[in-house]
Amino acid sequence: MSDNRRDFLRKSALLGLTGLASGLIGKESLDKIEHVSESLSSEGNPFTLPKLPYAYNALEPFIDKQTMEIHYGKHHQAYVDKLNAAVNSTNMDFSLSDTAKCATIEPSSLPAIRNNLGGHYNHSLFWTLLKPNPTVSANSPSGKIAEAITKKFGSFDTFKKDFSDHAAKLFGSGWCWLVKDDAGNVRILTTPNQDNPLMQLGERGTPVLALDVWEHAYYLKYQNKRADYISNWWNVVNWEKAEQLYTQK
Ligand code: MN3
């Protein structure tokens, strides 16, 4: 690949990262990411692992330190590394402006980009939707997202049960989401692998809540008991972040 071509792809990817990250990780973190990306650009690695916004043990006892070390430090890092490698090796003319655009690519043509961009996007969002230093008091939403959940499901408890059922029954590896449509209505949906609701594959929507149900997200602590992982995860949902995603235009 020529230097010019590589430079074009790098700039496209940097712009894409801004689009991906805006509203997901906050402006301060975004500035940091852009700064880091800038410093790495000479090495041709446009995507970087965002900083985890809390310590590895901050979600204990519900999500354990070792799981976070491996999930964030190994799995998410691997998506970033493979995404960089895939972007740097492609000669296709496209800009990674967002995951939706990425998903318009024929899945068989560039699975490395689709899978790893999805993995990077999904995990970057997931970390921000977890609340450090959980308390023993009930963790529930308030504000507009609470109203939308009650409107759709009747009560928060009914929603929790429905969402938990979807997450538990998802076959194999994937994600469970609460998404909103343009009218502000919420609904639950699941995606396989590292696909997400922004991609033009089946049902779409704007993610406001995300749950990773890959075994790597829970196996060290919960082994095969995915349902236990899900019921404990409710204690560390960052509803303030979910509200921010819900109310964002
Ligand atoms: Mn994961």
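Student: How many bridges join strand S1 to S3?
Tutor: Six bridges join S1 (residues 174-180) to S3, and the two run antiparallel. Strands here are DSSP E runs of at least two residues, helices are H or I runs of at least four, and both are numbered from the N terminus. Two strands pair if DSSP finds at least two bridges between them.

Student: What kind of model is this?
Tutor: This is a predicted model: local features need pLDDT of at least 70, side-chain atom pairs count only at pLDDT 80 or more, and totals for chains, interfaces and linings use all residues. Residues are numbered from 1 along each chain as its sequence is written, and side-chain values use heavy atoms, with hydrogens and water left out.

Student: Back to S3. Which residue there is the bridge partner of valine 179?
Tutor: Proline 207. Tryptophan 175 stands opposite aspartate 212 in S3.

Student: What is the strand order of the sheet?
Tutor: S2-S1-S3, an open sheet of three strands with antiparallel pairing. S2 (186-192) and S3 stand at the edges with a single partner strand each, so one side of each has no neighbour in the sheet. Neighbouring strands are turned by 25° against each other on average, direction ignored. Axes are lines fitted to C-alpha atoms, for helices over the stretch in contact, and angles run from 0 to 180 degrees between N-to-C directions.

Student: Why is S3 largely enclosed?
Tutor: Six of the seven residues of S3 (residues 206-212) are buried, so the rest of the structure largely encloses the strand. Buried means under 20% relative accessible area, exposed over 50%, and partly exposed in between, with a 1.4 Å probe and protein chains only.

Student: Which strands does helix H6 lie across?
Tutor: H6 (residues 143-153) lies across S1, S2 and S3, at about 85° to S2.

Student: New topic. Where is tryptophan 127 found?
Tutor: In helix H5 (residues 111-128). Tryptophan 127 is buried, at 2% relative accessible area. Leaving aside neighbours within four places in sequence, its contacts (heavy atoms within 4.5 Å) include Leu52, Pro53, Met68 and His76.

Student: How many residues apart in sequence are tryptophan 127 and lysine 51?
Tutor: 76, with 9.5 Å between their C-alpha atoms.

Student: And leucine 170, buried or exposed?
Tutor: Buried, at 10%. Leucine 170 lies in the loop between helix H7 (156-169) and S1. Not counting residues up to four places away, leucine 170 touches Trp175, Cys176, Thr190, Thr191, Val213 and Arg226.
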